[in-house]
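Here are a few exercises to work through with the structure on your screen. Try each one yourself, then check the steps.

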Amino acid sequence: MSKTIAEINEKIKRGDACVVTAEEMPDIVDRIGLGRAAREVDVVTTGTFGAMCSSGAFLNFGHSEIPIRMAKTYLNKVEAYSGVAAVDAYIGATQLARDNTVDDIRYGGANVIEDLICGRTIELKAESYGTDCYPLKEITTNITIDDLNQAVMVNPRNAYQRYDSATNGSNKIIHTYMGELLPDYRNVTYSGAGILSPLSNDPEYRSIGIGTRIFIGGAQGYVIGPGTQCSSASGFGTLMTMGDMKKMNPEYVNAAAFTGYGTSLYLGIGIPIPILDENMAKATSVRDSDITVSIKDYSVKNRDRPVVKTVSYAELKSGFVEIYNHSVPTSPLSSFKRARKVASELKRWILEGDFILGTPVETIPQNLSAKPMKETMKIPLVGDIMDKFPITIEKTGSVVEAARKMRESSKNHIPVVFGPKNHLEGIITSWDVSKAVSEGTLNSVEKCMTKKVIYCYPDEKIDVAASRLSSAGISAMPVVDSEGNVVGLITSEDFSKLFSGRKLQ
Amino acid sequence: MKLKIQIPPNKINTTIIAEVILETKVILNLISSSIHSKGGIMIIEIPDNMFDIVKAGFTSRGASVIPLDVSIKRDEDECVDCGACISVCPTRVFSFDENWELQADLSKCTGCGLCTKMCPHKALEIPEFD
Ligand code: SF4
Ligand code: SF4
């Protein structure tokens with residue numbers, strides 16, 4: 001037996017549809033079985049409330065008395081893209097105000113969106129080159145959302161089906177779009193609503209497609225396509241959405257700032273899933289324990305971050321996960337409390353007949369995947385430019401021998417090694433030598449070398465290695481293999497040669 | 001814990017800090033200090049159990065000692081109950097109740113400030129010292 005969306009809409013209009021949230025559904029299915037649940041439940045409402053960086057809005061300002069073709073447009077000093085005709089602009093959530101920097105993030109596109117929805121006044125400044133049809137070259141004015149012809153949120157990528165969680169395996173605190181990550185795997189952050197996640201409740205895109213009516217920011221909006229980077233094939237689907245900002249509710253749209261990253265928009269999105277048959281009843285009975293994600297090490301500066309562990313949302317939500325035999329505290333970045341509120345608000349709308357299900361005009365393909373950027377200028381690796389035959393010295397050697405090697409090779413840094421495989425023990429510099437001379441400790445390299453050596457690996461990208469070198473304020477680093485044996489040396493000179501283009505083929 | 005030490009103008013040229021350290025053998029962490037004609041103000045940090053002895057050391061030399069309330073302030077209008085702050089707090093000040101609402105046990109807060117950088121909604125702040 002199966003139902004249609006039209007039949008369910010009839011029930012909604014009559015006020016006798018059975019609507020439950022995605023959190024209630026699993027227990028209902030357990031209690032009355034799939035068959036009965038499919039017959040009796042008409043709609044399951046989902047909800048999510050979290051950081052959705054890939055959000056923004058098209059604004060239309062109307063024409064000024066002397067018309068202007070806005071070329072550069074700023075809203076409270078945040079640049080909005082206005083290469084779309086004369087008086088339209090797109091304000092993106094992550095654009096920072098022009099007097100903010102990454103170390104001082106106070107205001108960005110997300111704040112402009114929040115301020116507009118809250119009815120606050122925004123300063124609009126625009127510049128132009130002036131044309132015969134649009135003579136004005138500059139305008140400054142104050143506007144509120146009521147002064148705009150349109151304020152339409154159009155978000156390229158929202159409502160991630162699930163999202164990999166984050167930790168930090170380095171020895172320094174890092175600040176990311178996944179929040180503050182403490183050193184040595186001391187915390188884990190995650191995002192997404194798990195059991196309430198819209199796409200996890202309809203992973204086959206049976207009802208979510210172009211034209212699906214949704215809850216967005218407290219208003220009714222639509223899915224307008226698969227989101228950018230949508231990877232429906234691997235269970236990391238996303239949606240492109242739109243909604244009328246003039247009808248939104250500030251409770252479901254909040255500007256946020258991640259230290260060291262930038263601004264983002266917290267947005268509430270809820271999608272109703274019509275229960276057309278048993279298959280959909282089954283999909284909406286998904287629990288937190290059924291949805292798994294990887295915990296990735298965000299200290300690794302590479303697209304392919306290593307997976308530390310795979311966990312379920314149930315484990316993440318328990319407050320602790322185990323990493324390398326330690327119990328590590330977890331933090332959600334999205335608010336489950338508000339996700340619940342979205343799902344129950346949507347449920348209320350449907351029960352009261354204020355929200356009618358949309359029928360998708362086209363479904364979202366289940367085989368989409370996202371590919372990495374094609375890079376034509378490949379960044380070389382340390383191994384490509386390092387000195388592969390560095391002069392080294394045994395730790396049992398004398399300072400005099402080190403000084404001689406420095407003079408003969410005209411190098412200021414010599415890695416100190418031990419054993420047949422040249423295991424890295426330290427580094428000796430001309431400064432260490434002169435110190436040894438002045439202190440009269442000439443017979444042992446081991447005594448005067450620097451033991452805490454900053455080093456790198458041959459397969460690291462050179463820009464990463466170069467920034468480590470400069471942040472440590474040193475001018476050379478030994479290059480070691482995975483066992484800590486010296487396989488090369490790289491100096492700031494090697495980098496500067498490369499960056500000035502001389503070594504680039 | 002953090003303390004505010006007020007030194008009267010006629011005492012600021014003496015080596016009051018050094019004396020207190022020598023006498024009490026407590027390692028004081030000087031957080032900030034400002035000295036002007038009307039006297040000096042210093043913010044120091046000491047282990048909680050040393051409060052009585054450090055206080056006696058300063059007051060016997062004519063300075064006043066005020067314990068500072070360092071616990072975090074949460075702006076409940078800005079907070080969205082995301083819980084981002086939970087995992088960074090070393091003393092586990094934050095937790096969720098059964099409704100996923102954020103709870104804060106401020107008596108455990110040491111004022112380390114880690115959570116202020118974590119909160120995406122600028123809802124957490126350490127009170128400024130004057
Ligand atoms: S200031 Fe430090 S101790 Fe206090 S709540 Fe924040 S993280 Fe916890
Ligand atoms: S991180 Fe900020 S917004 Fe999130 S729960 Fe903590 S105080 Fe509230």
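**Exercise 1.** How many residues of domain 1 of chain A are in contact with how many residues of domain 2 of chain A?

*Solution.* Before counting, some ground rules: this is a predicted model, where local features need pLDDT of at least 70 and side-chain atom pairs count only at pLDDT 80 or more, while totals for chains, interfaces and linings use all residues. Residues are numbered from 1 along each chain as its sequence is written, chains are lettered from A and ligands numbered from 1 in the order in which they are written, and side-chain values use heavy atoms, with hydrogens and water left out.

- Find the pieces: chain A splits into domain 1 (5-53 + 154-363), domain 2 (62-148) and domain 3 (382-499), with bounds from an automatic or database domain assignment.
- Now count: 19 residues of domain 1 of chain A touch 20 residues of domain 2 of chain A, contact being heavy atoms within 4.5 Å.
- Their centres, taken over C-alpha atoms, lie 32 Å apart.

**Exercise 2.** Work out how much area domain 1 and domain 2 of chain A bury between them, and who supplies it.

*Solution.* 
- The two domains of chain A bury about 1,500 Å², 69% of it on carbon and sulfur atoms. Buried area is the accessible area (1.4 Å probe) that two parts lose on being put together, summed over both.
- On the domain 1 side, A:M245, A:K246 and A:T263 supply 39% of the area that this domain buries against domain 2, more than any other three residues.

**Exercise 3.** Describe how α8(A) packs on α9(A).

*Solution.* 
- Helix α8 (residues 399-409) and helix α9 (residues 430-439) of chain A pack at about 140 degrees, axes 10 Å apart.
- α8(A) passes α9(A) in a left-handed crossing.
- The touching residues are A:V399, A:A403 and A:M406 of α8(A), with A:S430, A:V433 and A:A436 of α9(A).
- Sorted by class, that contact has five nonpolar, one polar and no charged residues.

**Exercise 4.** Over in chain B, which way does α1(B) cross α2(B), left-handed or right-handed?

*Solution.* 
- Helix α1 (residues 16-24) and helix α2 (residues 51-59) of chain B meet at about 140 degrees, with axes 9 Å apart.
- The crossing of α1(B) past α2(B) is right-handed.

Conventions
Axes are lines fitted to C-alpha atoms, for helices over the stretch in contact, and angles run from 0 to 180 degrees between N-to-C directions. Helices (H or I, at least four residues) and strands (E, at least two) are DSSP runs, numbered from the N terminus. A crossing is left-handed if the near helix is turned anticlockwise from the far one by less than a right angle, and right-handed if clockwise. Ala, Val, Leu, Ile, Met, Phe, Trp, Tyr, Cys and Pro count as nonpolar, Asp, Glu, Lys and Arg as charged, and the others, Gly among them, as polar.
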